[in-house]
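Good morning, everyone, and thank you for letting me take a few minutes of the meeting. Please have a look at what is on the screen, and then I will walk through it slowly.

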Amino acid sequence: MSRPLVSLTLKNFGASYDGFVALRCDEMSVKGNVIGLIGHNGAGKSTLMRSILGLVPISTGSLETRVQRDATEKIAVPEQHMAFCPETGSVFADITVKSYIELWCRFKQRSVHYYQHEGKQFIEALEVSPLLQKLGRELSKGQRRRVQMAIGFMMSPELFLLDEPFDGLDVRHSDELAELLAEESKRRTFIISSHRLDVVERIADSIVLLENGSVRAFGDTSDVCHTIAGDTFHIVGSPDPEDLGTRLQNHFPTALIHRSGTIISIVGSHDSVGNLKTLTQSWEQTELVIKRVAPTLPDSVSYHLRQSH
Amino acid sequence: MNTLRFAFALLRVPRLFVTLFLFPLLVSVGIVGLQLVGSAVVLQSITMNRTSPPSTDENKKEKGESFAYLREILLGSKEPLAETKVCRWVRVKKNDAFVELPPSAECSPDKLDIALIVNDPASFDPKEYLSLFGGNAKRVHLCHTCHPDVMIDLRSEEKLTKVTSVWGLLLLGLGRNSKLVERRQEMSESVHQADSLMGTISFKTHSLLEEVPISDAPPLVALVFNILSLVVIALWLALKAHRRVLDYFARSGALLPMVAATGKGTFYGAVWVLTILRVFAFLGAGISATIFVFTELSESQGVSFGDSFLQGSYLHIAVWLFAICGTFGFATLIASVSDLRQRHDWWSALYMSLPLIVCGIGSLIWASLFLFDTPITGGIRNVIVSLPVIGMTPMVLTPLFQPPLYVLIIHGTLAFIGVGILAKKNANWFAAHLEDL
């Protein structure tokens, strides 16, 4: 059984608040099992997410979200097919987590005990059990988010939208959450906004890069990386990598060049292996191994931001 | 169906039931209850003064009754004492020195006597003090050195009263307050006498359609005030408390996930279901309590509400309530929308008081036009009354001033059009700024 897919289609799209256009996009069509929304603060990630959920009125054009499972495709309706976990999470301050979860179970699953049976796996996976007797006001931001995320999974959505789910998580919890999302992506689709590009790269198969309220790039993760940063080259075998790095940076002032041990990465040189070989040979470095590699998302975005500034 | 399911799911969480439903309801019913008790007490006292002449022996006895117990505790007799003895102390030479002594054995000082410390006990005239303490103290001493619990020093221009025990304080109060009651009794008699000479008073300038029943104004104003508070509290529950519910959701971060999970229509529908339940529960309790109190006052206390339309013309009552709901709804929405949009700015308080300022200006112009009473100013007054918010005060006082019916219809219609426009704007703005809440 293939993984379900979500597709996002925007045409002449505009979302504005009081005349200020928060997000605009002439045309975009992106499809994936897990779509990552990336961009700087204020780029329009939350606006796009809320537009998908129908929480922000669309001022111009159209936005269509479809979910596809096997051969069947349908328009995703927020209240029927989607769940949402905001960056801050949520629990009413003066009721217990248990009451809050029961409230959701009662009106979404029609069974107040749903979380103790079918939904139990998410309560355990997100370590919500120790929080059940606590009041909402006693929870940290991360704990509130875990509660809302467990609730979201228990609602069995076909599309789960997560706003900054990795924000504030340590390495262990980030890994555990990434594993959970990877596992759950077999059964449902996700749209995830995050600044954690390394994790997004691991779990997302499609990316939308937003910048200053408009869509800068979209598509498969590798395509987007290539679009914004061009080829990436790894150079190995230099007797003095630091010196070579400096020479390369001087030669390609706009490229992103960094060194990891003896490997030098060049992002955004817009050159070829042959030309690089010729160049390094002119610096009397003849034993180098130069390889073209797929650009990573963090490198591509770093390069892109460097170019923008 | 989903709307109701969601609304009742919220109410089934005990804490949410208390926060979203029970607490605002109890506060509102409590306010109405207190106000009704206050109105009943005020109206009862007004009616008692009006309907029964205060000069009857029976009435006086009743008023004096409360002091009788205090007198019995202090002096051993419920009735005022037959005589208050005046004791002028004398100076006599004893062992080569002058000492001050009471004039006779009957004047031996007691703790609960009154002492007037004067320069010349032999010549001081205590008439005024006897009228105050006569019957409420056994003795009044005129002396230099006597020490009962109440000492009034009259030796200088600045009089000074020293009380050295709680019993003395009670004695002082007995003299002071029983006289006040007598004075009030006398004033009441004068007012009653004047009222009986003039009969029922009414006010009607040339431009007024109906007479304003001045004699029946207090009960009528009390009734209007109570009806008004029902409307205002119902509107508060409907609009401001509605906002508080949304704020409650927003503060917890639950607003966006819940709106997304239920759909906008279902979510707002459920919040409105909670609001409507609260308003209906309040009106049910408030209206029945108001009807009970005022019927009781009318039947057992004989409170009259004049010939106002509140006693019969259901059409007038309906139109008046329509206009009240419209204009207060409009005013509350203006304040609410301004508060919503400018809530982070310091001038949001100004926006909130905007309807009050406009209403105040309108009321001032309307009232001052009575000073220049012509058919034209009468027409201008009607124009003011027909405008929502601006003419809110005279419209509320309709049972007294009774403007033409069409003026109230225009007022109510314009107000509801305003409510419609503002509600639409409010909803659009709200939809675009969910995260600002």
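What we are looking at is a predicted model, in which local features need pLDDT of at least 70 and side-chain atom pairs count only at pLDDT 80 or more, while totals for chains, interfaces and linings use all residues. Residues are numbered from 1 along each chain as its sequence is written, and chains are lettered from A and ligands numbered from 1 in the order in which they are written.

Let me start with chain A, which has 11 helices and 14 strands; here helices (H or I, at least four residues) and strands (E, at least two) are DSSP runs, numbered from the N terminus. Of the 309 residues in chain A, 45% are buried, and by buried I mean that 20 or more other C-beta atoms lie within 10 Å of a residue's own, whereas exposed means 12 or fewer and partly exposed is in between, with C-beta atoms placed from the backbone. If we take the contacts in chain A with a separation of 6 or more, 70% of them are between residues 24 or more positions apart, where contact means that the C-beta atoms, placed from the backbone, lie within 7 Å.

Now to the strands of chain A, where two strands are said to pair if DSSP finds at least two bridges between them. Strand β1 (residues 5-17) and strand β4 (residues 58-69) of chain A run antiparallel and are joined by nine bridges, and L10(A) has L63(A) in β4(A) as its bridge partner. Strand β4(A) also pairs with strand β5 (residues 72-75) of chain A, again in the antiparallel sense, over four bridges, with R69(A) partnered by T72(A). These two strands, β4(A) and β5(A), form a hairpin with two residues between them, and in that turn D70(A) has a positive phi of about 55°.

A positive phi is also found at N12(A), near 45°, in a residue other than glycine. Is N12(A) buried or exposed? With 11 C-beta neighbours inside 10 Å, N12(A) counts as exposed, and its place is in strand β1 of chain A.

Helix α1 (residues 45-52) of chain A is mostly covered, since eight of its eight residues are buried, and among them are K45(A) and R50(A). Just after this helix, G54(A) takes a positive phi of about 75°.

How many residues of chain A are in contact with chain B? There are 30 of them, in contact with 25 residues of chain B. On this side of chain A, the elements that give two or more residues are α2 (78-81), β6 (82-85), α3 (97-109) and α5 (141-154), and α3(A) gives the most, with five residues.

Turning to the interior, a nonpolar core is a set of buried Ala, Val, Leu, Ile, Met, Phe, Trp, Tyr and Cys residues joined through C-beta atoms within 7 Å. The largest such core has 153 residues, and those with the most contacts inside it are A150(A), L161(A) and I191(A). Its largest share, 15 residues, comes from helix α6 (residues 217-252) of chain B. A second, separate core of 20 residues includes C87(B), A115(B), V140(B) and C146(B).

That brings me to chain B, where five strands form an open sheet in the order β1-β5-β4-β6-β7, with mixed pairing. The edge strands, each pairing on one side only, are β1 (85-88) and β7 (160-163) of chain B. Within the sheet, β4(B) and strand β6 (residues 150-153) of chain B pair in the parallel sense over four bridges, and A115(B) has M151(B) as its bridge partner in β6(B).

C107(B), in the loop between β3 (97-101) and β4 (114-117) of chain B, is buried, with 20 other C-beta atoms within 10 Å. Leaving out residues up to four places away in sequence, C107(B) touches K85(B), C87(B), P102(B) and R139(B). D96(B), in the loop between β2 (90-94) and β3 of chain B, is exposed, with 5 other C-beta atoms within 10 Å, and its phi is near 65°, a positive value in a residue other than glycine.

Terms used
Contact = placed C-beta atoms within 7 Å.
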